[in-house]
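Student: I would like to learn how to read a structure like this one. Can we go through it feature by feature?

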Amino acid sequence: MWQAIKRWYAPLDGNGMRLLPVILVVILWQISGNFSDNKILPQPSAILNLLQKETFEGDLLFHLGMTLRRVAISFLAAMVLGTLIGIAMGIYDAVDKALDTFLVIGLNIPALVIIIICYIWFGLTEFAAILAVTINKVPMVAVSLREGARALDKRLFQVAQVYKLSKFDILTKIVLPQLLPYIFGAVRNGLAIIWKIVLVVELLGCSNGVGFQIGGFFHFFDIAGVLAYTFAFMLVVFAIEVLALRPVEKYLLRWRT
Amino acid sequence: MSFLSIDIQDKTYPNACVAIQQLKFTATQGEFIAIVGPSGAGKSTLLNVIAGLDTQFSGSVRFGGSELAKSDVTLGFLFQECRLMPWLTVRQNLQLVVKHTHATPHTKTIDEWLQCVGLQGCGELFPAQLSGGMQRRVALLRAFIVAPDVLLMDEPFQSLDAPTAAQLRSLLHELWQNSAPTVLFVTHNLREAISVASKILFLSARPSKVILEYPLTRLAPIDIESDEVSTEHKKILETYPNLLAGLHLD
């Protein structure tokens, strides 16, 4: 049996190896739906139908767009802030010591606490929603970039000094390339966490967005609706990973042969 | 006329290790000086001090007779490792340093320079795609392309196999004769020093100072395995038997 699977699986290319298990799971899921309660676990075909209906006749695109907007703004804000704080902490020992306690608190405080406090202080506003997500993410970016800044190769800065490179060249040709792997790490992690937090924020205090919609489906025990929105969401995540992150990363890190 | 005059009273590391004490020497313009000393004698520290990478010392480093502003002196530095930027292509690595030299006798384009060191067609490659010897060539080229007044070299050919090192030594000599920078070539290999330099400075063990200045008469590079080098090598060791141990001479 094992040998047979290997014979089928081994000749596939990378994409085939990625896709085959997913297809198998979906097929099994579809078949098993014939023998179980479709209210508890709707079949993939039913979810796809609903997804299609919600997309072309319902408000799915609007809610997805609102969520993506929140994700984009808070992601950018968190990346910029976290990167600056992380680099400063990695380079200057005094900054590191001053902020380290706050960093540990920021990393460990439950997302829910930050969300609720932001809503209480700033009301159920868009600003509060985005602020809550950003605050949740900044410490994680900072930790990653601090590692990167600590790992900067001092010997290359000596080269820069001997050959009298400009500050701009030092930043763009020596510092940033060394930080890139850490930035990519933070981007990946960042997106993954932010999706999750944005939905909670929307559930608790927004009147639109995927989180708000899923909250609505929850009230009616509409599992198909929940899964249809989740599926739309997954498609966006994969599109970003495959169309944006991977090619950009591959290009920027092509010097690692 | 001395172009470079070094007078380091004291260089002590924060951990109280005294690396250099009372180290003095001068170099004329275009002179090729090899600096030989036992390992751990503070040779790398000396180069770092001269290059201005290490400013925690007492004493002076003067260029062109007076204490010239460091910004007026163009330096080339060949480190023990190549220290190329791995994310930049060979061409970008060279362009990076060329941009900032105000002395710009760029009669040669980067392609002509590459050809000149036998790296034609390698401009678009990344350092990791080159062999160790080729990476050295790029580093050597980077040091020369800025048209340096002073070229500092810290055991640059140490990790290479013998034929590659010999090739690079003769390339170095060729480049040196064309533009005649003052060269300080640190090595712990006396044969190598004899084969390239016009003068050898012997350093003592830590705290290091100059214990002997030994002029050589020849200007052309010679093979490190040649009889000429062997004869000279023998002569030096017979005259100064304790030299390479880094002991102070009486």
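Student: In which elements of chain B is confidence lowest and highest?

Tutor: This is a predicted model. Where pLDDT is low, the predicted coordinates should not be read in detail. In chain B, helix α7 (residues 227–239) has the lowest confidence, with a mean of 80. Strand β6 (residues 150–154) of chain B has the highest, at 91.

Student: What is the mean pLDDT of chain B?

Tutor: The mean for chain B is 82, and 89% of its residues reach 70 or more. For the model, the scores are ipTM 0.85 and pTM 0.79.

Student: How many helices and strands does chain B have?

Tutor: Chain B contains nine strands and seven helices.

Student: What percentage of the residues in chain B are buried?

Tutor: Burial is judged by counting neighbours: 20 or more other C-beta atoms within 10 Å make a residue buried. Of the 250 residues in chain B, 37% are buried.

Student: What share of the contacts in chain B comes from residues 24 or more positions apart?

Tutor: Take the contacts in chain B with a separation of 6 or more: 74% of them join residues 24 or more positions apart.

Notes:
Residues are numbered from 1 along each chain as its sequence is written. Chains are lettered from A and ligands numbered from 1 in the order in which they are written. This is a predicted model: local features need pLDDT of at least 70, side-chain atom pairs count only at pLDDT 80 or more; totals for chains, interfaces and linings use all residues. pLDDT is the predictor's confidence in each residue, from 0 to 100. Helices (H or I, at least four residues) and strands (E, at least two) are DSSP runs, numbered from the N terminus. A residue is buried if 20 or more other C-beta atoms lie within 10 Å of its own, exposed if 12 or fewer, and partly exposed in between; C-beta atoms are placed from the backbone. Two residues are in contact if their C-beta atoms, placed from the backbone, lie within 7 Å.
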